[in-house]
Amino acid sequence: MYKVAVIGAAGFTGAEAVRLLLAHPVFSLSAISSNNDADKPLASVYPYFAGRTELSFCSHEAVLDNAGRHYDLVFLAVPHTAAMKIAPPLLKQGVSIVDLSADFRLHEPAVYESWYGLSHTAPELLAKAVYGLPEVFRSALQEQAALRAAGQEAVLVANPGCYPTASVLAALPVIEAGFADSESTIVINAISGVSGAGKTPSETTHFCTANENLNAYGATTHRHTPEIAQTLSGLAKRKVAVQFTPHLAPLSRGMVSTVAIPLSKDASQTATAEGMQQLYEKRYAEEPFVQVLPAQTMPKSSSVAYGNHAQVGVAYDSSTNMVVASCAIDNLGKGAAAQAVQCANILFGLDETAGLAL
């Protein structure tokens, strides 16, 4: 058994990580922290856990104190700006980290500063962090797992955002194949449930505002835009222009991202609906958590709720020479906590699907 802790366990994402870790066959959840709920039983904050665990919240500082003696791995489910302060002392103590915040996802400190409005206080860790999207960066995660197993260093994983996860999985096969037009912009429209906004309520997420309502927000300014562009650009080995618009739906959880990709002239000469379907099926044939739906079928958010699975559908429009691909995930699952557990499984040499049954 490996001992793990969740810092920031009182939020929606942290609580989802707790739910998964309590049922994990190898990871032993030893501590959960919340500065606002310190000393409260977990079940008093989330009655779902009544009878399932006797864990109580402690402070973040209680986990950080001598963490190297008590934990093999810590999940950080804290807001951005908090993780960059917590990660360095944990790594110095030899504790590996899966960070669910945005603090270590972007490669360049200047890009982080421009989108998040503040300077990064641990820029030296940006190059060290591995982007935790296993379907793309599995080999990098495995390399870090080998280093960890050899006792050479603690590992830092930057768990992807929910919108980037769904958007990249939708676009991945076309981008990898080099079929996208280098002169055109990829257009992404995505819809998320309200839990994606976090536990702290706001006017936007208030029931009276969100119920029976659907609206776009953060057009051209959403902070997941550079993360999506960075990942797609790396896959394409060139700069990829992205136009990303998120939408809020009156759902507790769930996400669908639909990506429109203009194809190059060369690709259009051989592109067919059947060919694109085969491209997606071949790319994801060995992926345990990605399911390509039958031709002419697009995914539903309800089909992947509470799990780590992603469902993908693809269509080709010959009149516009565009591929339209859609990916559905659970924003708290594959978009956050479940994917974090998937990454942790790889880091510790476990079956990638451990604790993540359908």
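Reply: Contact here means heavy atoms within 4.5 Å, and helices (H or I, at least four residues) and strands (E, at least two) are DSSP runs numbered from the N terminus. This is a predicted model, in which local features need pLDDT of at least 70 and side-chain atom pairs count only at pLDDT 80 or more, while totals for chains, interfaces and linings use all residues. Residues are numbered from 1 along each chain as its sequence is written, and side-chain values use heavy atoms, with hydrogens and water left out.

Me: Which residues of α13 meet α7?
Reply: On the α7 side, the contact is made by Pro134, Glu135, Arg138, Leu141, Gln142, Gln144, Ala145 and Arg148. By class, the contact of α7 with α13 has six nonpolar, four polar and four charged residues, where Ala, Val, Leu, Ile, Met, Phe, Trp, Tyr, Cys and Pro count as nonpolar, Asp, Glu, Lys and Arg as charged, and the others, Gly among them, as polar. The partners in α13 are Lys334, Gln339, Gln342, Cys343, Ile346 and Leu347.

Me: How are α7 and α13 oriented to each other: parallel, antiparallel, perpendicular or oblique?
Reply: Axes are lines fitted to C-alpha atoms, for helices over the stretch in contact, and angles run from 0 to 180 degrees between N-to-C directions. The axes of α7 and α13 lie 8 Å apart, and the two helices pack at an angle of about 45 degrees. Angles under 35 degrees count as roughly parallel, over 145 as roughly antiparallel, 65 to 115 as roughly perpendicular and the rest as oblique, so α7 is, relative to α13, oblique.

Me: What is the handedness of the crossing of α1 and α13?
Reply: Helix α1 (residues 12-22) packs on helix α13 (residues 333-347) at an angle of about 40 degrees, with the axes 8 Å apart. A crossing is left-handed if the near helix is turned anticlockwise from the far one by less than a right angle, and right-handed if clockwise. For α1 and α13, the crossing is right-handed.

Me: How many of the 12 residues of α10 are buried?
Reply: Buried means under 20% relative accessible area, exposed over 50%, and partly exposed in between (1.4 Å probe, protein chains only). Among the buried residues of α10 are Thr225, Pro226, Glu227 and Ile228, and the buried residues pack against α6 (109-116), β6 (130-131), α7 (134-149), α8 (162-176), β8 (186-192) and β10 (242-248). The helix is therefore largely enclosed by the rest of the structure, its buried residues numbering 10 of the 12.

Me: Is Asn321 buried or exposed?
Reply: Asn321 is found in the loop between β13 (310-317) and β14 (322-329), and has a positive phi of about 55 degrees although it is not a glycine. Most residues other than glycine have a negative phi. At 16% relative accessibility, Asn321 counts as buried.

Me: What is the relative accessible area of Thr81?
Reply: Thr81 lies in the loop between β4 (73-76) and α5 (83-92), and its phi is positive, about 85 degrees, although it is not a glycine. Thr81 is partly exposed, with a relative accessible area of 24%.
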